[in-house]
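The points below are grouped by topic.

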Amino acid sequence: MGRRPGPGLYIHLPFCPSLCPYCDFATQKYRPGQARELIAGLAVHLRRLAGALRGRRLETIYFGGGTPSMWPAAALAGLLELAVDLWGLAPGGEVSLEANPGTLSRGKLKALRAAGFNRLSLGAQSFDPGRLAALGRRHSADDTRRAVDQARAAGFDNLNLDIIYGLPGQDPAAAARDLARALALEPEHLSLYELTLGPETPFGRRYSQGREPLPSEDQVLAMEDAALAALAAAGLERYEVSNFARPGFQCRHNQSTWRGGDYLAAGPGAHGHLDGRRWAYLPQVGPYLASLTQGREPYQFVEDLTPQQRCLELFMLGLRTTAGVELAAVEEILGRDPRQVYAPGIRRLQELGWARLTATHLVPTTLGLRMADAASAQCLGSHIGRT
Amino acid sequence: MADREHTRNFSIIAHIDHGKSTLADRLIQTCGVVGERDFKDQYLDNLYLERERGITIKSQAITLPYRAADGQEYELNLIDTPGHVDFSYEVSRALDSCEGVLLVVDASQGVEAQTLANLYLALENDLEIVPVINKIDLVSADVEATRAQITDDLGLDGDAAPAISAKDGTNIEAVLEAVVNQLPPPGGDDQAPLKALIFDAQYDPYRGTVIFVRIRDGVLRAGQSIRFMHGGAQYKVEEVGVFGAGRQPTPALVAGQVGYVLAGVKRVSDTRVGDTITHADKPAAEPLPGFRDVKPVVFSSIYPVATDDYQELAEALDKLSLNDASLTYQKDTSQALGFGFRCGFLGLLHLEVVQERLEREFGLSLILTVPSVRYKLHLVDGQTLEVENPAYYPDPASIERAEEPFIRASIMMPERYIGAVMQLCLDRRGTNSRMTYPSPGRVELSFELPLAEVIYDFYDKLKTVTQGYGSFDYEVIGYRDTDLVKLDILVNGEKVDALSSLVHRDSARPRALHAVKKLKDSIPRQQFKIAIQGAIGSTIIARSNVSAFRKDVTAKCYGGDVSRKRKLLEKQKAGKKRMKLVGNVPIPQKAFLSVLQSDTDD
């Protein structure tokens, strides 16, 4: 393909009603005064970025967080309207909102749908009351079910549920029950995450991988195998390590990210990418706003990637997707045939049974998806060996 | 220049951390040698490592001009000595250059093992001893009890000891007065043939070796031809002088004086501490007594982590040895680690000092093998072999018997730790214990121990079992029969030669278990199972596995995670450079280091 996918826009709304002990994201507790300032600041920031896409229309818009759904519908609608005004939205453009089941209502969902949001991602996490409490979630399983019903009623026909497995005290049977409850709600999309222990989180300090009360590696693998079978049986096809969807309902915003696409960003801690330049904004609301007020871009860092780094990213991300690494995209950046440049790494991946080469792609196997981190390290090693 | 009557040569001795260097600083400041602006704390410890750890590893000297209470001008030569058992010979030579010492005792800790060891050393050298009670500023200071200890344990006059705080500068004049009034002036005969004791030497990149001397008899001037009586080499003196804020050239050094000699000596190792300098044309009849050829007792191989740093390591060792005559090194090779050097050290601290200097001053990243002592092997065919490198250990069938060096260790501690320390020494094959009670509540425990057991992790263990209250000193007493085996460590069936060690048969299994466990914890999992084994010959005595990892994937990777994840990969690549490949198993540097670490934390 000739053109990078995208562009997209990512808006990060950092506040949460409370902080969850497993979460590693840039988030902070909600303060109403600061929230009002942030809405105003985001509008300023978006306007300032208006020229950044050189006339390209947005394909996708993604409101992430934090808990964006806790913001008033009018505030979210206002930001969306502004973004569409500034850049335009391609016909059929995807507009996603991350939501916490406890922060939604029938009226709010209707308003959001009317404002143009067409994809809702619900942080269900679990349907087991004990585990929801352990995860620090304030919502109940019934809140999630109600939110799904109300979202359907409001006209959302593209719903995602986030589910976490490998939780403290969870055995494979419990994990399977949890997933079955999620599937019973017939979502178009499901993100299934193994619990990640962020070293700086309470969970990270409390638990260690594979040790009681966390399930053993054997148990985690059993949970994953059972989940893959259950998801396939429910018609949800895997398209990335942790993402499953009915055909045509893959998250286009994330897919673009994984193919090296462009995305603008706004909000504290948000990351953006344009044509090999990656940047992040200051994660704290105060400094982010202060920087904007002084007329500066509130950068935390900006990095201009070398062609080698861009290719490494394509491998790293592509090897996590069932579509695989698009060789033409790598060749376009590198100016050379990746089958040659990365020959030792590719050969090693084939030997290990982690990937296979098609006419156009390097495609990870199921085993390869399970070993994706090690797999991308193989490509790194062989690449470095050649320069 | 002061006459002999108005000269005093003295040293300060103390148990580690009792404030020796701080007192030296205060004396220097009080005598106004160094301007306040130039003054760095612990002025004499000018190697930064010494400054950082408060450990002196080379002798230093400085001349302090002092107008005493009697109205007369004195020249006080302060010789600062190394403060660690590894350097006891150097200490003894430095002390031999003095007429007296200040024995510093911490008012809160009292008499410790090195206090005693230092006292004995001073007594051996017939020195006048002035006890000084330091750290009276501490809340826990007990001056009266310390006086009693000095009187009872050391047989010195505790009541006359100046009680000072070197930190706060309290009562420093009293110390200087004691130096003037209680220490004798130096003797010596200007007319006799030259005898000058070398008590240390340092390397100056512009002038070559700076030799520190104490003139016993005769006069030494620039232009004269000199000879080292033990070394045999002859040189022409370029400059002599004394130590002020820096080196101060003088026309001559006369009997009784302490000073330096520049004579175009290229390397410090061309001089030997304890040697006697005399005139080439009118030599003394015999050298000064007490000379010993110092030999290394602890050996370890040093390898660069990146094989291409070998040349840099070679140059760094060369530079270090310019100033450190006791460091020996020769080429060594390892299948796992490539080219390196087999190095000999005076002790474990000396090893650590060299390692830190190589890493920090020269920016090298190193792997050191398990320290070893030098064994004597008596072969069936009648030959005797000295082996300190496991790589040269012969076929066990050819060995009739083996001997290993023993030390006599002296450990002082509060009485309540006696059981634990006794057990530790017995675990380390200690024999012939003796116990004395120098004062109520305190025990001095003396043990004969194999040196090999002490260089492993004895210090750490001793500190742990005595909660830091145990102090330690030792001397080598000779070789004794031992039951020696070579312990090999195998990773996936391949011998990691750098991890082989010579150990007593009884220690082989615990050591093997320790090594296997440490490796298991520090070798990263691979896509295949890794077997780790400890073996004597073909007999496996310990084993463990690093299980294959079956899942290695981050759950979430979205737009905000890309940079971090890519950087992690790039860092992993950098880390790979620091790994050594044994067969197909990458072993990180920290795995080699962890095998060396004590398991006191387990």
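Between chain B and chain A, 24 residue pairs are in polar contact, with both residues at pLDDT 80 or more; a polar contact is a pair of N or O atoms within 3.5 Å, where within protein one must be able to donate a hydrogen and the other to accept it, and residues adjacent in sequence count only if both atoms are side-chain atoms. The side of chain B that touches chain A is made up of 11 charged, eight nonpolar and six polar residues. Here Ala, Val, Leu, Ile, Met, Phe, Trp, Tyr, Cys and Pro count as nonpolar, Asp, Glu, Lys and Arg as charged, and the others, Gly among them, as polar.

This is a predicted model, in which local features need pLDDT of at least 70 and side-chain atom pairs count only at pLDDT 80 or more, while totals for chains, interfaces and linings use all residues. Residues are numbered from 1 along each chain as its sequence is written, chains are lettered from A and ligands numbered from 1 in the order in which they are written, and side-chain values use heavy atoms, with hydrogens and water left out.

**Interface between chain B and chain A**

- Chain A contributes 45 residues to the contact and chain B contributes 25 residues, contact meaning heavy atoms within 4.5 Å.
- About 3,100 Å² is buried between the two chains, and carbon and sulfur atoms give 54% of this area; buried area is the accessible area (1.4 Å probe) that two parts lose on being put together, summed over both.
- Of the area that chain B buries against chain A, 22% comes from Arg550(B), Lys551(B) and Tyr558(B), more than from any other three residues.
- Nine salt bridges are counted between chain B and chain A, a salt bridge being a side-chain nitrogen of Lys or Arg within 4 Å of a carboxyl oxygen of Asp or Glu.
- One of the salt bridges pairs Lys567(B) with Glu303(A), with the closest N and O atoms 3.7 Å apart.

**Salt bridges and the network**

- Over all chains, the whole structure holds 54 salt bridges.
- A network of salt bridges links Arg278(A), Glu303(A) and Glu313(A) with Arg566(B), Lys567(B) and Glu570(B).
- Within this group, Glu570(B) and Arg566(B) form a salt bridge of 3.4 Å, N to O. These two residues are four residues apart in helix H12 (residues 562–577) of chain B, about one turn of the helix; helices (H or I, at least four residues) and strands (E, at least two) are DSSP runs, numbered from the N terminus.
- Arg566(B) is buried at a relative accessible area of 1%, whereas Glu570(B) is partly exposed at 24%. Buried means under 20% relative accessible area, exposed over 50% and partly exposed in between (1.4 Å probe, protein chains only).
- Asp483(B) and Arg505(B) form a salt bridge of 3.1 Å, N to O. The pair is 22 residues apart, with Asp483(B) in the loop between strand E25 (471–482) and strand E26 (484–491) of chain B, and Arg505(B) in helix H11 (residues 505–522) of chain B.
- Asp483(B) is partly exposed, with a relative accessible area of 34%, and Arg505(B) is partly exposed as well, at 43%.

**Surroundings of Glu224(A) and Arg370(A)**

- Glu224(A) lies in helix H8 (residues 217–233) of chain A and counts as buried because its relative accessibility is 6%.
- Leaving out residues up to four places away in sequence, Glu224(A) touches Tyr165(A), Arg238(A), Arg370(A) and Lys551(B).
- The side chains of Glu224(A) and Arg370(A) are joined by a polar contact of 3.3 Å.
- Arg370(A) also forms a salt bridge with Asp225(A), at 2.6 Å from N to O. This pair links distant parts of the chain, with Arg370(A) in helix H15 (residues 366–370) and Asp225(A) in helix H8 of chain A, 145 residues apart.
- Arg370(A) is buried at 14% relative accessibility, while Asp225(A) is partly exposed at 42%.

**Chain A and backbone features**

- Chain A has 16 helices and 17 strands, and 56% of its 387 residues are buried.
- The peptide bond between Gly65(A) and Gly66(A) is cis, with omega about 15°; Gly66(A) is in the loop between strand E4 (58–65) and helix H2 (73–87) of chain A.
- Another cis peptide bond runs from Glu212(A) to Pro213(A), with omega near 0°.
- Gln125(A), although not a glycine, has a positive phi of about 70°; this residue is in strand E6 (residues 119–125) of chain A.
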